[in-house]
Amino acid sequence: MNVRYTGPKVRLSRRAGVPLTRKAVRYFEQRPYPPGEHGRKTNRRTTGDYGVRLLEKQKLRWYYDVSERQLRRYWDLALRKPGASGAELVTLLESRLASVVLRAGLAPSIYAARQYVNHGHIAVDGRKVDIPSYLVKPGQVITVRERSRRMQPFVAAAEGVYADERIAPYLSVDHADLRITMTSRPERQQIAIPVDEQLVVEFYSR
């Protein structure tokens, strides 16, 4: 099934077992169990090996907001790379334009980042790119287009409202100028995600 989940992200976070958006963090602290009337009684440890690997794969999909087909395509790409397949998979997902916009603090969530790209607000090396899956390469410069800069979300982004305490080490960000440069390829050890990609490797390798 290739349909992207569009329901409440807090509910999705509870299914995943980790907060997938900043907004979900508060809710998740209050209700750290799966959704549904039996959620409180669910013991994640009783899930079989297949279920554990499937959930981890789903978490990776939800975290980066990609469809099953897209994730499978990234997996096939990762297999062709010389490094460890799981690390390469995460690097590819992190290099997506939507991911870079989020990591740089130009959007409050991956869902908003994807929407900003889709709606044509983002440029790469001065040219509009409206494909969230566009893979950014080291040296490329991402900016908010001039006509979009006065919109409220980007005014907030320019003030650093969405920025994490620490910017990803492979990005150089000027929030006031709404400008990002990818200075190097993301390395797995630089990427903090609540997913064990080795379980995803095992899922796809079964």
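This is a predicted model: local features need pLDDT of at least 70, side-chain atom pairs count only at pLDDT 80 or more; totals for chains, interfaces and linings use all residues.

**First stop: helix H7**

H7 is mostly covered, with seven of its nine residues buried (under 20% relative accessible area, where exposed is over 50% and partly exposed lies in between, using a 1.4 Å probe and protein chains only). Select Ile110, Tyr111, Ala112, Ala113, Arg114, Tyr116 and Val117 to see the buried residues of H7.

Residues are numbered from 1 along each chain as its sequence is written, and side-chain values use heavy atoms, leaving out hydrogens and water.

**Zoom out**

Switch to cartoon and you get nine helices and five strands (DSSP runs numbered from the N terminus: H or I of at least four residues for helices, E of at least two for strands). Buried residues make up 48% of the 206 residues in the protein.

**Into the core**

Next, pick Leu60, Tyr64, Leu89, Leu97, Val101 and Ile142, the residues with the most contacts inside the largest nonpolar core, which has 49 residues. Such a core is a set of buried Ala, Val, Leu, Ile, Met, Phe, Trp, Tyr and Cys residues joined through side-chain atoms within 4.5 Å. Helix H7 (residues 110-118) gives the largest share of this core, six residues.

Stay on leucine 60: setting aside neighbours within four places in sequence, its contacts (heavy atoms within 4.5 Å) are Leu71, Leu89, Leu93, Ile193, Val195 and Val200.

**A serine in a loop**

Where is serine 95? Look in the loop between helix H5 (85-94) and helix H6 (97-103). Serine 95 counts as buried because its relative accessibility is 7%. Its side chain reaches the backbone oxygen of threonine 91 at 2.8 Å. Beyond neighbours within four places in sequence, serine 95 touches Val100, Tyr134, Leu135, Val136, Met182 and Pro186.

**Last stop: a hairpin**

Now show strand S4 (residues 171-174) and strand S5 (residues 179-182), which pair in the antiparallel sense over four bridges; strands pair if DSSP finds at least two bridges between them. Which residue is the bridge partner of leucine 171 in S5? Click methionine 182. Four residues lie between the strands of this hairpin, and leucine 178 takes a positive phi near 50° there.

Note on methods
A polar contact is a pair of N or O atoms within 3.5 Å; within protein, one must be able to donate a hydrogen and the other to accept it, and residues adjacent in sequence count only if both atoms are side-chain atoms.
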